[in-house]
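Colleague: I would like to learn how to read a model like this one. Could you take me through it step by step?

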Amino acid sequence: MKKAIQFGAGNIGRGFIGALLANAGYHVVFADVNEQMIQELNEKKSYQIHILDLEKSVETITNVSGCMSNGPEIIDEIASAEIITTAVGPNVLKFIAPTIAQGIEARRAAGAGPLNVIACENMVGATSHLQEQVESHLSEEGKAYAREHVGFANCSVDRIVPPFQGENLLDVGVEAFHEWIVEEPKLKGGTPEIDGMKLTDNLVAYVQRKLFTLNTGHAITAYLGFLKGIETIDQSIQDESVRSIARPAMEESGAALVKKYEFDAAEHAKYIDKIETRFKNPYIRDEVIRVGREPLRKLGPADRLIGPANMAAELGLGRDHLLQGAAAAFLYDNNNDPQSAELQARIQAEGVGPVVSDVTGFAKDSEDYNKIMAAYEKFKSLKA
Ligand SMILES: NC(=O)c1ccc[n+]([C@@H]2O[C@H](COP(=O)([O-])OP(=O)(O)OC[C@H]3O[C@@H](n4cnc5c(N)ncnc54)[C@H](O)[C@@H]3O)[C@@H](O)[C@H]2O)c1
Ligand SMILES: O=P(O)(O)OC[C@@H](O)[C@@H](O)[C@H](O)[C@H](O)CO
């Protein structure tokens, strides 16, 4: 039987990618550092996906097992797999890269056939980033083997999967919508047949379309909601003062995306409408602290707040609401989130101006810097 390794048995791993692979006839080995999750996967060998939407349903996923991603067994698992997917978070890719490299060396020694690696993270070029990290751990022979036999394909992955309290630790609650788009030209050994995997040769456009629309609106809804003491995304987007920034911000990034990639403007408007409806899904409890997690990552130059603002600026387009959204991120003050604590400690120590400039790359007193600073001062007075 075909084998897939899914690094990360978390929400998107179990709730989307692992499930698609299992349904496509792969035996899916979830590799994680969470011992309890791995034990449970090996005991139960199945779990349920609860579709939490207007039409509810339950899907049972079978033919799965678990493996500690930091134990010795994972190397043999990689050596005998056809596909590796990840959903561990962009910052964790560097920790799994040496393991994937060891698995590739084992495949080379065994003369194994093609393997495809697809990092399913909210990050432009996540797989290329992982590939660089993996290559840095490969021998010269390993690099040559990988060039010929290992495909590293980027992707865009979209399904809202918040933490879920089911009867079973493994069960997961998801929205009905899902979209997984994979960079076809990078795949090796032919295209795997996986229902729900779409293929494209223009991936960057689709990754940015998703990251700069859904994740942009999501993050802004989270940070503004947090400031107002609102707990969930669906409640936050219903608040007119939040929506009146989050929605135009998605329209600003939309105008930039349409211009840059020549997307159909009417189709893109529908895409934004659909996303707003997804945020409003009352059947899913998605907390603003999940969506706002790791604000420093989200404020990165290629990520969902500053990335679309820069794209709009390059194209001579408006970006006021995107910059207001970024300002709200600088006020995200949640001690349970290490990046939020780091951000707030830096603002305390250095003052907000230098931190805004350093994190965003906007020079002091530039137009975009001044707009963030003005919004920051305005929002500060709104803090719940
Ligand atoms: N949840 C969503 O709605 C969603 C949707 C699209 C994309 N994503 C992306 O998917 C990725 C994962 O998000 P999530 O929501 O599933 O997070 P999550 O926290 O639910 O899952 C991450 C999993 O990775 C595991 N992990 C951590 N370190 C590891 C390691 N060294 N080796 C193996 N596993 C390790 C964790 O134990 C956890 O089970 C992120 O990049 C996120 O942006 C999430
Ligand atoms: O996973 P993050 O932290 O990059 O972003 C939080 C959410 O916006 C994200 O997980 C969405 O739910 C997901 O991208 C929907 O496809």
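Modeller: Happy to; we will go through the domains, then the ligands, then a set of strands. This is a predicted model, where local features need pLDDT of at least 70, side-chain atom pairs count only at pLDDT 80 or more, and totals for chains, interfaces and linings use all residues. Residues are numbered from 1 along each chain as its sequence is written, while chains are lettered from A and ligands numbered from 1 in the order in which they are written.

Colleague: Which domains does the assignment of the protein chain give?

Modeller: Domain bounds come from an automatic or database domain assignment. Here that assignment gives domain 1 (3-201) and domain 2 (204-380). Their centres, taken over C-alpha atoms, are 28 Å apart. Domain 1 puts 17 residues into the contact and domain 2 puts in 18, with two residues in contact if their C-beta atoms, placed from the backbone, lie within 7 Å.

Colleague: Which residues are closest to ligand 1?

Modeller: A residue is near a molecule if its C-beta atom, placed from the backbone, lies within 6 Å of it. Ligand 1 has 27 residues around it, and Gly8, Gly10, Ser69, Glu121 and Asn122 are the closest. Helices (H or I, at least four residues) and strands (E, at least two) are DSSP runs, numbered from the N terminus. Among the elements giving two or more residues to this shell are α1 (11-23) and β2 (27-32), and α1 gives the most, with 3 residues.

Colleague: Why does ligand 2 lie between the domains?

Modeller: Both domain 1 and domain 2 give residues to the shell around ligand 2, so ligand 2 lies between them. The residues around ligand 2 include Asn122, Asp158, His218 and Arg293. Helix α7 (residues 203-227) gives the most to that shell, with 3 residues.

Colleague: Back to β2: which strands does β2 pair with?

Modeller: Two strands pair if DSSP finds at least two bridges between them. Strand β1 (residues 3-7) runs parallel to β2 with 5 bridges, and Ala4 has Val28 of β2 as its bridge partner. The path from β1 through α1 to β2 is a right-handed β-α-β crossover; right-handed means that, with the strands pointing away from the viewer, the path from the first strand over the helix to the second runs clockwise. Another 5 bridges join β2 to strand β5 (residues 64-68), also parallel, where Val29 is partnered by Ser65.

Colleague: How many residues of β2 are buried?

Modeller: A residue is buried if 20 or more other C-beta atoms, placed from the backbone, lie within 10 Å of its own. In β2, 5 of its 6 residues are buried.

Definitions and conventions:
Buried ≥ 20, exposed ≤ 12 C-beta atoms within 10 Å, placed from the backbone.
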